[in-house]
Amino acid sequence: MPRRRRRFDDDHDDDHDDDHDDRPTRRRAEVDPGTGTGGPPTGDRWSTWADATHGPRPTPGWLVTAAGAVDTELGVLKTGKEADVHLLERAVPDGPACLLAAKRYRSAEHRAFHRDATYLEGRRVRRSRETRAMAHRTAFGRELLAGQWAGAEFAALGTLHAAGVAVPYPVSLDGTELILEFLGDAAGRAAPRLAATRPTGAELRDWWHQLTEALLGLARLGWTHGDLSAYNVLVDEGRIVLIDLPQVVDLVGNPHGADVLVRDVRRIGGWSTARDDGIDPEALFHRLVAEAGLAGRDA
C-alpha cells in the first residue's frame with residue numbers, strides 16, 4: 001500500500017507554446033496602502049512586499065524587504081498563454097536593490113485555458129458547486145481556475161524550496177502576481193532554458209545527475225512536475241533549476257498520476273538521450289516510482 005503523501009490542493013504553462021506577444025499594459029505608480037500617499041518619486045510602484053503572502057523562512061539575505069522600497073519595471077522576460085513574466089528591480093532609493101521575476105497570471109477573459117482534467121483530479125475544492133463549475137468551464141468556473149494557478153505555483157514552490165529541491169525561491173504572492181527569485185546575471189540577462197543550451201558530454205551528464213536529484217525530491221513528496229521538458233528547466237551558471245510548476249500532479253491522489261510521470265520522464269529523457277545515448281531515462285523512471293511508493297508501471 002503506498003505510504004501517505006502530502007496533498008497538493010491548489011494546481012501548464014506550456015513554455016514551448018509561448019509564441020504570442022500580447023503584453024499587458026505596463027503598471028504605473030500606485031497609492032501606498034500604508035500611508036495613503038501617491039506613488040513613489042521614482043520607479044513604477046511601491047514594493048508589494050508588505051501586503052503580500054511571503055515565501056518560506058528564512059527570507060534570503062539578497063531580498064529587499066524594506067517598507068520604502070520601490071519596484072521598477074525593466075522589461076518582459078517571457079510571454080505565454082496563461083501568464084507573462086516581467087523583470088523587476090526592487091530597490092531602496094540610494095540603498096540596496098535586487099532583481100526579481102514577476103509572473104502575472106492572466107484574468108479569465110484574457111487567458112487561453114488549455115489545462116485539462118488530468119491536472120485537476122485529486123485536488124480538493126471545498127464546494128461541489130465549484131468542482132462542477134470548473135469541470136464544465138462555466139464563466140464562474142473559468143474565474144475559479146484563473147485564481148488557482150498563481151496560488152498553486154506559490155504553494156508548490158514553497159514546499160519544494162523548503163525540501164531542498166532546485167526551484168526559484170518564491171518571494172511573495174499578491175493576487176495573481178507571483179514574485180520569484182530572478183535567475184540570471186546582474187545585468188538582467190535570464191538564465192537559459194535547457195532547450196537553448198549545447199552542453200558538452202560532461203556537462204550533460206552532470207545536468208542529468210542534478211535533474212535526477214530534483215525529480216527525486218518531487219517524488220519524495222508524491223509529486224511529478226506535470227509538464228516537464230527542456231523548456232521548463234533553467235541552467236543557471238551550471239545549476240539545474242525546475243520552473244513552471246503550477247500543474248504539479250499528485251502521484252497517489254490523481255488517478256492519472258503515474259501516466260503523467262511516464263510522460264515527464266519520456267520528454268526530458270528524449271531530449272537528453274538525443275545528445276548522449278549513455279543517459280538512461282528508464283532507470284530514472286524506476287527510481288522515481290520507488291521513491292514515490294508506486295509499483296506496477298512501465299516507462
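In the predicted model, the axes of helices α4 and α6 approach to within 8 Å and cross at roughly 25°. Angles under 35 degrees count as roughly parallel, and α4 and α6 are therefore roughly parallel to each other. The crossing of α4 past α6 is right-handed. On the α4 side the contact is formed by W208, T212, E213, L215, L216, A219 and R220, and on the α6 side by P281, L284, R287, L288, E291 and A292. Classified by residue type, this contact of α4 with α6 comprises eight nonpolar residues, one polar residue and four charged residues.

Helix α4 covers residues 201–220 and contains 20 residues. From first to last C-alpha it reaches 29 Å, close to the 28 Å expected at 1.5 Å a residue. The buried residues of α4 are L204, W207, W208, L211, T212, A214, L215, L216, G217, L218 and A219. W208, T212, L215, L216 and A219, listed among these buried positions, also belong to the contact with α6. Beyond the helix, α4 is followed by G222, which has a positive phi near 80°.

The axes of α4 and α5 come within 11 Å and cross at roughly 165°, which makes α4 roughly antiparallel to α5. Here α4 passes α5 in a left-handed crossing. L204, W208 and L211 of α4 make this contact with I268, G269, W271 and S272 of α5. The residues of the contact of α4 with α5 are five nonpolar and two polar, with no charged residues.

Helix α5 comprises residues 257–273. Its 17 residues should span 24 Å at 1.5 Å a residue, and the end C-alpha atoms are 24 Å apart, in agreement with that expectation. The buried residues of α5 are G257, A258, V260, L261, V262, D264, V265, I268, G269, W271 and S272.

The remaining helix pair is that of α5 and α6, the latter spanning residues 281–292. Their axes come within 9 Å and cross at roughly 150°. Angles over 145 degrees count as roughly antiparallel, and α5 and α6 are therefore roughly antiparallel to each other. The crossing of α5 and α6 is right-handed. In this contact, L261, V262, V265, G269 and T273 of α5 meet P281, L284, F285, L288 and V289 of α6. By class, the contact of α5 with α6 has eight nonpolar and two polar residues and no charged residues.

When neighbours within four places in sequence are left aside, G269 is in contact with W208 and P281. G269 and D280 are separated by eleven residues in sequence and by 7.6 Å in space, C-alpha to C-alpha.

Several features were identified in the loops. A196 is situated in the loop between β7 (177–181) and α4 and is exposed, with a relative accessible area of 61%. The C-alpha atoms of A196 and V235 are 9.5 Å apart, although the two residues are 39 residues apart in sequence. In the loop between β2 (53–54) and β3 (70–78) lies P58, which is joined to R57 by a cis peptide bond with omega of about 0°.

Positive phi values were also found at residues other than glycine. For E237, phi is near 50°. E237 is placed in the loop between β9 (233–236) and β10 (239–242) and, at 79% relative accessibility, counts as exposed. D244 has a positive phi of about 55° and is found in the loop between β10 and β11 (249–250). At 6% relative accessibility, D244 counts as buried.

How values were computed
Residues are numbered from 1 along each chain as its sequence is written. This is a predicted model: local features need pLDDT of at least 70, side-chain atom pairs count only at pLDDT 80 or more; totals for chains, interfaces and linings use all residues. Side-chain values use heavy atoms; hydrogens and water are left out. Axes are lines fitted to C-alpha atoms, for helices over the stretch in contact, and angles run from 0 to 180 degrees between N-to-C directions. Helices (H or I, at least four residues) and strands (E, at least two) are DSSP runs, numbered from the N terminus. Angles under 35 degrees count as roughly parallel, over 145 as roughly antiparallel, 65 to 115 as roughly perpendicular and the rest as oblique. A crossing is left-handed if the near helix is turned anticlockwise from the far one by less than a right angle, and right-handed if clockwise. Contact means heavy atoms within 4.5 Å. Ala, Val, Leu, Ile, Met, Phe, Trp, Tyr, Cys and Pro count as nonpolar, Asp, Glu, Lys and Arg as charged, and the others, Gly among them, as polar. The expected span of a helix is 1.5 Å times one less than its number of residues. Buried means under 20% relative accessible area, exposed over 50%, partly exposed in between (1.4 Å probe, protein chains only).
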